[in-house]
There are 2 protein chains.
Amino acid sequence: MTLAEPREFSLIGEYFRPLAGPGALALTDDAALLRLPGGRDLVLSVDAMVAGVHFLPDDPPDLVARKLLRVNLSDLAAKGAAPLGYLLTIAAPATTSDAWFEAFAAGLGADQRSFGLYLLGGDMTSTSGPFSLSLTILGTVPPGRAVLRKGAASGHGIFVSGTIGDAALGLDVLQGRLADPSGFLIERYRLPTPRLGLPLADFAAAAMDISDGLVQDLGHLCRLGGVAAEIDSPLVPLSQPARALGPSCLSRCLTGGDDYELLLAVPPDREDRLAAAARFGILLTRIGRFVPGPPEVRVLGPDGKPMPFARAGWSHF
Amino acid sequence: MTLAEPREFSLIGEYFRPLAGPGALALTDDAALLRLPGGRDLVLSVDAMVAGVHFLPDDPPDLVARKLLRVNLSDLAAKGAAPLGYLLTIAAPATTSDAWFEAFAAGLGADQRSFGLYLLGGDMTSTSGPFSLSLTILGTVPPGRAVLRKGAASGHGIFVSGTIGDAALGLDVLQGRLADPSGFLIERYRLPTPRLGLPLADFAAAAMDISDGLVQDLGHLCRLGGVAAEIDSPLVPLSQPARALGPSCLSRCLTGGDDYELLLAVPPDREDRLAAAARFGILLTRIGRFVPGPPEVRVLGPDGKPMPFARAGWSHF
């Protein structure tokens, strides 16, 4: 019997094999085989994206792919790790066109070249539901140089990279609730920038990336450090397009997800090392401090009084 | 503001944190941090399972979890690798009960103890569609001891582990097309046995696990080795419950998926080493041979003549 290959094999061969790197065995095997660079620790993370939850069904597939890769790269960035490779699961409606896969793979290809990693393996399946994507990323870090979420202590400064809230506002724009003449906010929602390359271990006692909203994610650093946090809301860096929307958007910026900026705890005696970040073109801003007390996050308004919030951030269930 | 945790965090804390092992950072971080055992290569694989495609929506969640882990363990088994850990993505309907997660985690816990690996990290999200699960598995192998799909050559014997076709027949039983008085076939569909622990590199020139059907999967070994394959169908090991269904089930057994048995190419001068497999209680049976010619799979009937098939195996698209 001559062998007709199922369509998933031709899709893999056509669009994904060109993305494979050393150890991926050209995506023709059950597994990838990897010899790690000597003397480095492995950093592993996985993040999923589901259509209708993490992206909009009509978002361009190349941007969906790049966001999927970038949210995972952001996890490596938060550890101070360097990217190595990734494995990918695509559950797609059976009616998905070749053009979708082609554009999706093109997006991966563009970003893996930019960020210096490659495809190691994957799985492709059909689903009766929406696109369900999962990406497992591998990075490496010199032993002892990984920065964890745990480590914030009273007296540490709270720092963030970039500007906060743009992505949540971008989603509001895409859903017709706001206007964004420049397109900046939509871009920030669709294509986050992983803050890779900083020598985090030089100055951060704890770090994470902001994916579910600043207030909620800062709560994680508080719980793991056994401390409370105070944010001075006037210090939170907002982009010009966000500021243009007026003060009413502050609450949305502080609790909206998808920023993928870094959130850092920096001991006072290491703040002078932050200047190094400027070399990488990454803005780092002090927005508050960790203080003694049970784990909680207080956001202080311009008058120094705590501001109330309806919710701290994103919840799936 | 006091911090109310989203439900996914309490689910992770309650049901999944107990499954975490060294390097998983108690599932409280963005990533896992792992120092590999010295002098071993890393083997990585990912397999997804979607409700309605890979399992039935009303399958018991503990068995779904164990199958998800086992289909990935089977990929390690096909490489001759030893299990190390895994990362898990769960996209679940927002209405999923705590009891579902509890049973799912209990299934993972039972099997990770049996097979000697642990949870390294994961992601949990809601979906408007069916359950969409993805598991990335890590294993290790001494350098040079990984067996690949590529390596079959003319003259090699074709061997399989266990019995072939039970899982496909089990699915037929669950869907009401067959009777299975003993429950054996259903069990084989729901709970495959990864054939871990064999010293594959001692005797196999190429190996893979059978997930999409013997004929189709054997085609992969043919293409990668640049050879044809002949199966003597009377030699294919069928279980007693499969044989009880009569000769009409042979075609289904040869092309049905979900067996997760090993498929091996064994050079003639290494066949004497197969006796070692008996020590592990794993039946290995010679079912045919690789022969010169363009990549194709011929199944020979009891009369030695090629048998026709409507399809070679499973296709998603």
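## Contact between the chains

In this predicted model, 64 residues of chain A and 64 residues of chain B make up the contact; two residues are in contact if their C-beta atoms, placed from the backbone, lie within 7 Å. Strand 2 (residues 41-50) of chain A gives the largest share of the side of chain A that touches chain B, with 9 residues. Helices (H or I, at least four residues) and strands (E, at least two) are DSSP runs, numbered from the N terminus. By class, the side of chain A that touches chain B holds 32 nonpolar, 18 polar and 14 charged residues. Ala, Val, Leu, Ile, Met, Phe, Trp, Tyr, Cys and Pro count as nonpolar, Asp, Glu, Lys and Arg as charged, and the others, Gly among them, as polar.

Strand 1 (residues 32-34) of chain A pairs with strand 2 (residues 41-50) of chain B in the antiparallel sense, over 3 bridges; pairing requires that DSSP finds at least two bridges between two strands. L34(A) stands opposite L42(B), which is in strand 2 of chain B.

## Symmetry

Chain A is superposed on chain B by a rotation of 180° with 0.0 Å of shift along its axis (RMSD 0.0 Å). That is the relation of a two-fold axis. Copies are superposed by least squares on the C-alpha atoms of residues with pLDDT of at least 70 in both.

Of the residues of chain A, G129(A) comes closest to the rotation axis, its C-alpha lying at 2.0 Å. The copies meet through the same surface, because 100% of the interface residues of chain A are also interface residues in chain B.

## Domains of chain A

Chain A is divided into domain 1 (7-141) and domain 2 (157-300), with bounds from an automatic or database domain assignment. The centres of domain 1 of chain A and domain 2 of chain A, taken over C-alpha atoms, are separated by 26 Å.

In chain A, 15 residues of domain 1 are in contact with 15 residues of domain 2. Helix 2 (residues 61-79) of chain A supplies 11 residues, the largest share of the side of domain 1 that touches domain 2. By class, that side of domain 1 of chain A has 8 nonpolar, 2 polar and 5 charged residues.

## Numbering and confidence

Residues are numbered from 1 along each chain as its sequence is written, and chains are lettered from A and ligands numbered from 1 in the order in which they are written. Local features need pLDDT of at least 70 and side-chain atom pairs count only at pLDDT 80 or more, while totals for chains, interfaces and linings use all residues.
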